[in-house]
Amino acid sequence: MHKYEKIWLSFGTGALILFLVILGISAVHQGHSPAASGIETINPDHVRDDERFKEPGLYESKEEGFDYDLYMIASMFRYEPTEVEIPKGSRVRVMVTTPDVIHGFEVAKTNINMMAEPGLISKYHTTFNKEGEFLVVCNEYCGTGHTDMTSVIKVVGSEE
């Protein structure tokens, strides 16, 4: 083997080893791990057994920093609840899950856009500062009734 070939092979092998060491260190740096973290799971066969999703809707939040918690279930081919009324200026934590297939959860004319996946609880934090009716649509094809899958969030003036 020629001298220059040995140099290039050594350089390539060294670069690969350095890359793998950096990748390994960054993967576990500051407590990070390859496993998913911060994701809340739920058994899709028992969504209704979970106290939060037994009767989906808007509830006063027990968490500091939020006025309300909005629990919604996306399922073939509807959202529950079909209509929600939220006071203007409310800080809301939206939580969505599904017992069947992957659905989209988009609130038109807002930044709320999530996927509802079986076994996961998708969360989004927002403040509703604008009055009006906002259509919730499924933006992930989920079957033949996909186009009829809607809900409405009504943001109304606060009662102050």
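## Salt bridges at a glance

The structure holds 10 salt bridges, each defined as a side-chain nitrogen of Lys or Arg within 4 Å of a carboxyl oxygen of Asp or Glu. This is a predicted model, in which local features need pLDDT of at least 70 and side-chain atom pairs count only at pLDDT 80 or more, while totals for chains, interfaces and linings use all residues. Residues are numbered from 1 along each chain as its sequence is written, and side-chain values use heavy atoms, with hydrogens and water left out.

## Pairs that link strands

Let's begin with Lys-123 and Glu-40, whose side chains meet in a salt bridge with an N to O distance of 2.7 Å. Lys-123 lies in strand β9 (residues 120–128) and Glu-40 in strand β1 (residues 40–41), so the pair ties together parts that are 83 residues apart in sequence. Strands here are DSSP runs of E with at least two residues, helices are runs of H or I with at least four residues, and both are numbered from the N terminus. Lys-123 counts as partly exposed at 39% relative accessibility, and Glu-40 is also partly exposed, at 25%. For these words, buried means under 20% relative accessible area, exposed means over 50%, and partly exposed is in between (1.4 Å probe, protein chains only).

Another pair is Lys-154 and Glu-133, with the closest N and O atoms 3.8 Å apart. Lys-154 is partly exposed at 22% relative accessibility, whereas Glu-133 is exposed at 58%. Salt bridges that share partners also join Glu-40, Asp-50, Arg-52 and Lys-123 into one network.

## Around Glu-80

Glu-80 is buried, with a relative accessible area of 14%. Its side chain meets that of Arg-78 in a salt bridge (3.2 Å, N to O), and Arg-78 is partly exposed at 43%. The side chain of Glu-80 also makes a polar contact with the side chain of Arg-48, at 2.3 Å. A polar contact is a pair of N or O atoms within 3.5 Å; within protein, one must be able to donate a hydrogen and the other to accept it, and residues adjacent in sequence count only if both atoms are side-chain atoms.

Arg-48 itself is found in the loop between β1 and β2 (57–60) and is partly exposed, with a relative accessible area of 37%. Not counting residues up to four places away in sequence, Arg-48 touches Phe-53, Lys-54, Pro-56, Ile-73 and Glu-80, where contact means heavy atoms within 4.5 Å.

## The nonpolar cores

A nonpolar core is a set of buried Ala, Val, Leu, Ile, Met, Phe, Trp, Tyr and Cys residues joined through side-chain atoms within 4.5 Å. The largest one has 22 residues, and the members touching the most others are Leu-70, Tyr-79, Val-96, Phe-105 and Ile-153. Two or more residues come from each of β3 (68–75), β5 (83–87), β6 (90–97), β7 (103–107), β8 (113–116), β10 (132–137) and β11 (150–156). A second, separate core of 7 residues includes Ile-42, Val-47, Met-95 and Ile-121.

Leaving aside neighbours within four places in sequence, the contacts of Ile-153 include Leu-70, Val-84, Ile-86, Val-107 and Phe-128. Ser-151 is placed in strand β11 and counts as buried at 1% relative accessibility. A polar atom of the Ser-151 side chain lies 2.9 Å from the backbone oxygen of Pro-81.

## Backbone details worth a look

Pro-81 lies in the loop between β4 and β5, and a cis peptide bond with omega of about -5° joins Glu-80 and Pro-81. The peptide bond from Met-76 to Phe-77 is cis as well, with omega near -15°; Phe-77 is in the loop between β3 and β4 (78–80).

Lys-109 has a positive phi of about 65° although it is not a glycine. Lys-109 belongs to the loop between β7 and β8 and is exposed, at 80% relative accessibility.

## A patch on the surface

Finally, look at the start of the chain. Tyr-4 lies in helix α1 (residues 3–28). Together with Ile-7, Trp-8 and Phe-11, Tyr-4 forms a nonpolar patch on the surface with about 540 Å² of accessible area. Patches are made of residues with over 30% relative accessible area and no salt bridge, with like charges joined within 9 Å and nonpolar side chains (Val, Leu, Ile, Met, Phe, Trp, Tyr) within 5 Å. Accessible areas come from the Shrake-Rupley method with a 1.4 Å probe, and for residues only the protein chains shown count as cover.
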